[in-house]
Amino acid sequence: MRLHRRALLIAAALLSVAGAAAAAPQIDAPAPDFQAMDAEGHVRALKDFAGKVVVLEWISSDCPYTAKHYNSGTMQKLQKSARKQGVVWLTVSSAAPGRADYFTPQAALAWRGKVKSAATAILLDGDGKIGRAYGAKVTPHMFVIDAAGRLVYMGGIDDRPYADPSSLKGAKPYVALALADLKAGRAVATPVTAPYGCSIRYGAAGGF
Amino acid sequence: MRFWASVILALMMALPAAAQAPGATRHVAAELVADHQGLAPGGTIHVALRQQIQKGWHTYWRNSGDSGEPTRIKWTLPAGWQVGEFTWPAPQRIPVGPLMNYGYEGEVLLPMAVTAPATARPGDKVTLHAAVSLLVCAEVCIPEDDALSITLPVTAGPAPVDSKWAGPIAHAFAAAPQPAGLTATFQPHGPSVALAITGAALKGADLAGAYFYPFDATVIDHAKPQAIEGGKQGLTLTLTSGYAFQGGKAPPTLAGVLAFGGKAYEVAATAGAPPPGASGLGPPAAKGAPGADLGLAAAALFAFLGGLILNLMPCVFPILAMKAASLAGHGGESMAARRQGLAFGAGSIATFLALAGGLIALKAAGSAVGWGFQLQSPPVVAVLALLMLAVALNLSGLFEVGTSLQGAGSGLANKSGLAGAFFTGALAVVVAAPCTAPFMGPALGWALTQTPAAALTVFLFLGLGFAAPFVLVAYAPGVLSRLPRPGPWMETFRKALAFPMYAAAAWLTWVLAQQAGPEDLAKLFTAAILVALAGWLLGLRQRRAATGGLTTVTEMIVFMLVVLSVTAVAWPENKVAELSTEPYSPARVAELRAEGRPVFVNYTAAWCVSCQVNDRVALSTHAVAQAFARHKVAYLKADWTKRDATIAAELASHGRAGVPLYLMYGTHGGEAAILPSILTPDIVVKAVEAADKS
């Protein structure tokens, strides 16, 4: 036992981070809990939103796919309509310190003002803990958690995996459809789709 | 220089699209090229989109992997003209942190067929316009749009080939996956999918490095390694299933490209049982890996030496020492001693061959196993721990097995004595198996990549080496007579030898603690107490045997206790989810190397004695820790205590079938240095220094 722990300690010390490993979350299973600081310095935890539908949205300030949805205003529109229905919308940045799109609180606030985000909060996940717990791969990667805390949707925001803004026209909006299904008390018709976008630039703590 | 010249040329030729700021730095120079200098009415030629990609950047294949976007082209054509889809050359794997992309670096040609209408007029020059949108990524991703065109003269007869581009376009087609009539099926197994592929193109081919690129981004987890198992007719890849398998569902097909050794073939797998001959030959040997070109003779020699060394393992030595001592008193009865020696040899060789057979059968069934596989199953570890305890209690004198030690001599020649020797041989092998001695690593690694017959030969020599010392003692009267005469001292000797066996039982319990939970440990301890109780009752009965009475009842109680204790520990496979904190992954190694850091990978397992010794005497020393800190070495630990296809594949790619394996990756690329299986702080420190210099 001691040998094992010692080897792990050395590995941890040398890597200066513990390699967190987790499998991709399962649909209809309880969504992994998390706790993180938001851009305004509040600590936010998933369990604080028990009883509410929660949307998780991964973003990167220099990703053309994030830009496609914000420059056109479709993301903000979806955020507003979701929040009007009582949905909690958490935007997450998992880019690690040192990456070009890493979010300090100031950078996150500046970005929020620039794109006029209507999200409930922007979570600063520079250590990648939330991203790894959810197996988030790209920006945007979307997750919907129902009022009972179960994961009911994960994947792309729509079915158009292109950076070209003209691809928005006629797209099938998976997240909007999932929220509509939840509101109507139905099971989410399409619970898993392929996410698309830019790779999330995680820090140096191993894989998923 | 030439690159930038062509970038400028491309910028001048292609009007930047609206999305692109004028004068922005481009990362891809795109142009259209044709393999003929024109085409006849109704004729078909090939046009390719040529991308010259800036160093360090990449564009994407038709399935871009975890992120990114495939290149798209939209044609504006005169009436009657037709252009087909891209033919995609097989992509490269481009790892990005913990993610995996499929794409192209450097230069790529994406060819398409262009067909002129029969009504085209010879002498005309026709310009075809195309809007190209592509995503080019390094750390950041940039969408680049190009408005390209190509002008083709319509000729009366077939047009001459274009001497500059006919060759490269033909090469692009050759590099594209070919249809080869392969038979393919897939079967989900928990979190993985076994993809079995057979066909003439795979028969007898070198399948090292084979990889399946799916067309659909949802069917597999792109970043996970693909374990390869060769077969007579093809291969089986163990893939990690993707989103499409969530909630017990499965996609109707698994279509994509199988690439190996510069070749690529189209594959379309349907759900179902694997075709015959898709597995059974183990992972293909990596080219140039140590052990890969080890001949059968050399492998057999190493196996023999390995077998000899196994005699000295702490869990084996007591058994052999007792057996040898019991022969000592019978210098006169040399025939009897010889028979005992042969029976022991037969027992150990038979057991080695049985283990080899089991290993080959498991591999044929598609399991990613290696040497020591028997210790990856918690019930087996628990039963072995109980067996060690029983042997220890026997040595301590709690009970006797068969005839008592003092009477062992009289039974030497009789049948039960021979059977006893046979099973002593079998027992010794079972307990020795995990102690993979350094000599055995390469030999077994080689054996498992060979045909079953060659593998069995290697295991046979392992058994011969293992049995040799004991058989020698039995056959050499000189040695036998030099062994001390039996006497009361043997009783003391025997009781002393019980302690290594207790230690072995304790060690196996520790291994179990790594694999299973506290409840399982509680079960093992309960079972251990039952075994001790059974041993004591048996001893009691043996001592009262003369006076008679209650013997059958006691025997039944002993039997039931043993059954009860074995049942208690042989519970079903432990279902705890993989939540290990294993920090090793091939992607992580690639990432660290990209950062220019030396990387040390320790392939180890809790049940591997030499690994634990190396951890203690070398890796846990101050000297090594300081060297690692000084050279900023990243230390990754690949824990093989439990079965793991990724690690098995990695071991196989270095020609090993078991742990330990120590790899040191240098800071300037190239292959990893393989450290010896027995480490000293000095070896590790020197390897670290060499890695930072290289």
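In which loop is P140(A) found? P140(A) lies in the loop between β6 (138-139) and β7 of chain A, where helices (H or I, at least four residues) and strands (E, at least two) are DSSP runs, numbered from the N terminus. The model is predicted: local features need pLDDT of at least 70, side-chain atom pairs count only at pLDDT 80 or more, and totals for chains, interfaces and linings use all residues. Residues are numbered from 1 along each chain as its sequence is written, while chains are lettered from A and ligands numbered from 1 in the order in which they are written.

The peptide bond between T139(A) and P140(A) is cis, with omega at about -5 degrees. Two further backbone features concern phi. D28(A), in the loop between α1 (2-15) and β1 (35-37) of chain A, has a phi near 75 degrees, a positive value in a residue other than glycine. K632(B), also not a glycine, has a positive phi near 50 degrees and lies in the loop between α16 (622-630) and β21 (634-639) of chain B. Most residues other than glycine have a negative phi, and most peptide bonds are trans.

A residue is buried if 20 or more other C-beta atoms lie within 10 Å of its own, exposed if 12 or fewer, and partly exposed in between, with C-beta atoms placed from the backbone. D28(A) counts as partly exposed because it has 13 C-beta neighbours inside 10 Å. K632(B) is partly exposed as well, with 14 other C-beta atoms within 10 Å.

Chain A contains six helices and nine strands. Of its 208 residues, 47% count as buried. Two residues are in contact if their C-beta atoms, placed from the backbone, lie within 7 Å. Among the contacts in chain A with a separation of 6 or more, 75% are between residues 24 or more positions apart.

Five strands of chain A form an open sheet with mixed pairing, in the order β5-β4-β3-β7-β8; two strands pair if DSSP finds at least two bridges between them. At the edges stand β5 (121-124) and β8 (151-155) of chain A, each with a single partner strand, so one side of each has no neighbour in the sheet. Neighbouring strands are turned by 20 degrees against each other on average, direction ignored. Within this sheet, β3 (residues 54-58) and β7 (residues 142-145) of chain A run antiparallel and are joined by four bridges; V54(A) has I145(A) as its bridge partner in β7(A). Helix α6 (residues 174-183) of chain A lies across β3, β7 and β8 of chain A and runs at about 170 degrees to β8(A). Axes are lines fitted to C-alpha atoms, for helices over the stretch in contact, and angles run from 0 to 180 degrees between N-to-C directions.

In chain B, eight strands form an open sheet of mixed pairing in the order β14-β17-β18-β12-β13-β16-β15-β19. Its edge strands are β14 (211-214) and β19 (280-282) of chain B, each of which pairs on one side only. Strands β13 (residues 192-198) and β16 (residues 234-240) of chain B pair in the antiparallel sense over seven bridges, and the bridge partner of I197(B) in β16(B) is L235(B). Helix α17 (residues 645-653) of chain B packs on the sheet, touching β15 (227-231) and β16 of chain B, and its direction makes about 65 degrees with that of β15(B).

Strand β15(B) is largely enclosed by the rest of the structure, because five of its five residues are buried. A227(B), E229(B) and G231(B) point one way from this strand, and I228(B) and G230(B) the other way. A hairpin joins β15(B) to β16(B) through two residues, and the two strands run antiparallel with four bridges between them. β15(B) also pairs with β19(B) in the antiparallel sense, over two bridges. G230(B) stands opposite L235(B) in β16(B) and opposite G282(B) in β19(B).

A nonpolar core is a set of buried Ala, Val, Leu, Ile, Met, Phe, Trp, Tyr and Cys residues joined through C-beta atoms within 7 Å. The largest such core has 193 residues, of which L195(B) and A385(B) touch the most other members. Helix α6 (residues 378-395) of chain B supplies the largest share of this core, 12 residues. Apart from it lies another core, of 33 residues, including A299(B) and F470(B).
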